[in-house]
Each structure stands twice: as structure tokens, then as C-alpha cells.
Amino acid sequence: MGKGNMELETNKVYDYEDARGDVEVPDTAHQISTDSWFQVAFILTTGINSAFVLGYPGTVMVPLGWIGGVIGLILATMVSLYANALIAYLHELGGQRHIRYRDLAGFIYGKKAYNLTWVLQYINLFMINTGYIILAGSALKATYVLFRDDGLLKLPYCIAIGGFVCAMFAICIPHLSALGIWLGFSTVFSLAYIVISFVLSLKDGLQSPPRDYEIPGDGVSKIFTIIGASANLVFAFNTGMLPEIQATIRQPVVKNMMKALYFQFTVGVLPLYLVVFTGYWAYGSSTEVYLLNSVNGPVWVKASANITAFLQSVIALHIFASPMYEFLDTKYGIKGSALNAKNLSFRVVVRGGYLAFNTFVAAFLPFLGDFMSLTGAISTFPLTFILANHMYLKAKKDKLNSSQKLWHRFNIGFFAIMPLAATISAIRLISVDSKTYHVFADL
């Protein structure tokens, strides 16, 4: 099948009509089947090694300690690869491509699941985007403080600037495949802050006296913090939008997607491990939520790390906002040239408005670690682990033996309990932080 025919087939509208109810799957205004597996691997690796890695030493390792943190990260890597592989294998279920998470859920379960999956995915991506804007603002403020620690440029102002830059980028880049060379820039930016944070942390660790690695808190507080950190573990490795990313890959889509996933969870995770373990080793339980606030070194080096973290956050946010952009562009028929006056004005108003609300939420509650925990709890667990296992079990039930079915049911049960505990923990953490600081806090 030629590329043109393949794209024509994958862009058509399907009506799933049977006992599950009617589910109309819309055409897409964005490009599909155009990217190599290597470009998709870079998109996935960009998500893993985004500026969020600078938060994991403080939000994963500090609450879990060496044993819990190391084992937890390795297990989360393995489990996340497995869960994402399940989704990847279902991409062509029934002989047709499912280019959105909700399309796949609708095909398997029906219209109610289609709508519920979209709501969960929207919440997941909205909160991830909010986290990126908090990160961008934190990086911008950290840069300013290096040169003028006068308290004039507060975190909410930096978050507003970060949100504005993200909106400008979203207006200029029409869809996910259009990132192109920006993925290369993203890789350079990631390498810059990862190498700098690693080198400065290593230097500080070698020069510092023995550190305290005791898990902070006591009693109930410590338990809630540990539970919240478990949600951060799954947040670190999962996008909640794998079908949308897989939609951009060339045929054969399953084989190429598995190549991208293997790259992501082998080579792609190494920089994350390097930063997380070195950062925690260097500063122990006193590690800041934003690692670059802990490191010591030349001002220009730290400024470079913060600026590249800021810029990478802008690019990474665009990846995680793309399902919302695709939904809106498709709904309102935004096709053709990105520079068309109608298309450009639509992106200015709609994407600008969406990110303005994201920015307001980020400035209102700028607690990065808490947002990571809440996102992992209420959306990443259900989307990536519960739904993946249940969809695979339902779709392949006639091909699975009893032990395989039992395995998937165990996963469903286990990952149904985890988000309940993690959600309670995350809400409690946000409540405590809101009382300790205040809304629009200058952290």
C-alpha cells in the first residue's frame, strides 16, 4: 500500500455500531503516518528527560530513600514499558488504526468509555502542561535570582512569562509532526541541563561532608509522602497519549512503535537515572524540589542550565498539549496552510486561551511535586495501567490462557487500589502546602 493510500485510509471516519453503542471517530486535521520510528523515539525520550527530571531527586528519592527510590524507579521503568507495549499492540485492533486513546477505548467498550477516556486524558494532559509551566517559571526565576536577588521578579510573574512563551510557540507550530528540528534543539537543551546538573551535583557531593538520607517526616505525614512519591514514579515514565504519538509513525506501526519504546526505556532513561541518583547522593534529604536550586557553581553555568530547562519545557509542553490542539483543530476544520489567516487567528485565540488558563492554575497553585503526585494518581494510573491491562484482556481474551488472564486481572486490581491512596495523599499535600504558603506563592 502506498503512503498516500495509507493516509487516506487512516483519515476516514469510522462508526463503531454494535452492542457497544455508536461511536463516531472523527477525521483528523493533523498529519499521520509521516514520522520515522527514530523521530518518535526522540519525542518519547524528550518527555522522559524533560525538565521534570530536575524535580525527581526531591520528589521521588527524598520521600522514598535509597532502597525505595532505586527499586521503585527500576520497577516503574519495567512496568511502564510493559503497559505501553500493551497499548502499542492494540493500535491496529480490528484491522484499522486507532489514532487517539479515546478511539481505541470506544472501539473496545463503546461510547461511554470513549467519553470517559477523553475526560481522563484531558485531565492528565492539562495537569502535565500545568507542571511544565510551573517548571518554566521556576527556571526563569532561578535565572533571575542568580543576577538580582531583590525579590522583585516573583514566581507568579515568571510563570506568566513562561505561559506567554509557551503560547507563542504553540501558535507557531501547527501540529506534532511539525516539531521537526525543534526535537533536535530539545535534545541539545536536555543534554545541557542534564550534564550541568550532573557535574555540579557530583562536584558538590565529593566536596560535602556526609549527608543525611533519612526519609523526612514522621508517622502519618511520612506515610502520605511515600504514597505520593509512588504516583511520581509512574508520572515520570508515561505520557497518557501513546496512541496519538503512534499515529504519527510510519508503517509497520506496531513494529516501529516497539522500536521507539525500547529506545525510550533503555537508552532514553539513562540520563534520567544519572540526574536523579547523583542529585540525591549529593544533597540527601535536603535536596530541593527543583535540583538546580541545590547545586553550587559558576553563575553563567547555572544560568545556562536554567535557561535550557526553560526552553526545553516550552517544547515538551507542546508535545503534551498536542491531543487538545488536534481535537480543537479537527472539530473546527482547521486545515491547510499554517499561515492561513483563519488558521493563524484560530491558534492565537484558542491555543492562547487554553494556555492562559493553564498558566493561571500554575500561578495559583505553584506546587510542582504536588501536581506531579496528583497527575500520577488521578490520571496516569487509570490511563496507563488499569485501562491498558483491561483493554488488552478484553481485546485478546480468546487468545490468552488462564494464567495470562489472571495476570492482567491482578494488574487491574492492584492499580485500582494505588490511585485511590495516591489521590488522597496528593490532595493532602496540596492542602498542607496551601496553608504553609498561600495561593500565588513565591516559592
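**Exercise 1: A cavity and its lining**

Task: Find which helices each supply at least two residues of the lining of the second largest cavity.

Solution: Keep in mind that this is a predicted model.
- Step 1. Helix H2 (37-48), H5 and H8 each contribute at least two lining residues to the second largest cavity.
- Step 2. Among these, H8 gives the most, with three residues.
- Step 3. In total, 13 residues line this cavity, and Gly47, Phe235, Ala236, Asn238 and Phe320 lie nearest its centre.
- Step 4. Sorted by class, the lining has nine nonpolar, four polar and no charged residues.
- Step 5. The space inside the second largest cavity is about 80 Å³.

**Exercise 2: A pocket**

Task: Describe the second largest pocket by its volume and by the residues that line it.

Solution: 
- Step 1. The volume of the second largest pocket is about 400 Å³.
- Step 2. Its lining is made of 22 residues, with Leu75, Ala76, Val79, Phe414 and Phe415 nearest the centre.
- Step 3. Two or more lining residues come from each of helix H3 (56-89), helix H8 (219-237), helix H14 (368-395) and H15.
- Step 4. H3 provides the largest share, ten residues.
- Step 5. Of the lining residues, 16 are nonpolar, six are polar and none is charged.

**Exercise 3: One histidine**

Task: Is His408 buried or exposed?

Solution: 
- Step 1. Locate His408 in helix H15 (residues 402-436).
- Step 2. The relative accessible area of His408 is 3%. Buried means under 20%, so His408 is buried.

**Exercise 4: A helix and its span**

Task: How does the reach of helix H5 relate to the span expected at 1.5 Å a residue?

Solution: 
- Step 1. H5 covers residues 111-147, which makes 37 residues.
- Step 2. From its first C-alpha to its last, H5 reaches 55 Å, close to the expected 54 Å.
- Step 3. H5 is also mostly covered, with 26 of its 37 residues buried.

Technical notes:
Residues numbered from 1 in each chain as written. Predicted model: local features only at pLDDT ≥ 70, side-chain atom pairs only at ≥ 80, totals over all residues. Heavy atoms only, no water. Helix = DSSP H or I, 4+ residues; strand = E, 2+ residues; numbered from the N terminus. Buried < 20%, exposed > 50% of the residue type's maximum accessible area, 1.4 Å probe, protein only. 1 Å grid on protein atoms, 1.4 Å probe; cavity = no way out; pocket = protein on both sides within 12 Å on 5 of 7 lines; lining within 4 Å. Points joined across faces, edges and corners; volume = space filled by probe spheres on them. Nonpolar A, V, L, I, M, F, W, Y, C, P; charged D, E, K, R; others polar. Expected span 1.5 Å × (residues − 1).
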